[in-house]
Amino acid sequence: MRYIFVIAFIALFTRLLWIAKVPPHLSNDEISIAYDAYSIANSGKDEHGKSWPLLFESHGTYKGPVYAYLLAPLVKIFGNSEVTVRIPSLLSGLLTIWLIGLIAFELTKNMKTAYWAAGILAASPYHIIVSRMALETNVALFLLSLGIYLVLKNK
């Protein structure tokens, strides 16, 4: 049982420490997502004036809507800041660690394996970095993990 607390501490500490400073600034994609979320939260339109779009145009390409729509209520409540923009990714990263542990347990029925799986993801440098940035890939990994867990659980 104490392993759960160690894993949770590692996950929280590595993802929350200096969240406003590391990475040092928002990337162009993060800024674009933040502005779209701000626009949706305040007017129901994206930066190009389209009401509740299914795709967000950005730099001549298109982004999926999931992150912007998850972020919009947070921007309305907490304001538009670097930390607010990164909250959905942070929460997705933390919940993914928990889900990976559950998936490992469902596959092996071994708590030790579940702790190892969750612990490795909690300490993974790549996952730490991705959890600290406003990227849809982190939300997608969470949703994929959730889908896999639900399939395994309902077999």
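These legends go with a few close-up views of a predicted model.

**View 1. Helix 1 from end to end.** Helix 1 covers residues 2-16; helices here are DSSP runs (H or I, at least four residues), numbered from the N terminus.

View 2. I7, A11 and R15 are the buried residues of helix 1. They sit on the same side of the helix because they cover an arc of only 45° around its axis; that arc is taken from the directions from the helix axis to the C-beta atoms. Over on the other side, R2, F5 and F9 are exposed. Buried means under 20% relative accessible area, exposed over 50% and partly exposed in between (1.4 Å probe, protein chains only).

**View 3. What lies over the buried side.** The cover on the buried residues of helix 1 includes helix 4 (82-108), helix 5 (111-123) and helix 6 (125-131).

View 4. W18 follows helix 1 and has a positive phi, near 55°. Further on, P23 is in the loop between helix 1 and helix 2 (28-43).

**View 5. P23 and its contacts.** P23 counts as buried because its relative accessibility is 18%. Leaving aside neighbours within four places in sequence, P23 is in contact (heavy atoms within 4.5 Å) with R86, R132 and M133. P23 and M133 are 110 residues apart along the chain, yet their C-alpha atoms are separated by 7.5 Å.

**Notes.** Residues are numbered from 1 along each chain as its sequence is written, and side-chain values use heavy atoms, with hydrogens and water left out. Local features need pLDDT of at least 70, side-chain atom pairs count only at pLDDT 80 or more, and totals for chains, interfaces and linings use all residues.

Methods: Helices (H or I, at least four residues) and strands (E, at least two) are DSSP runs, numbered from the N terminus.
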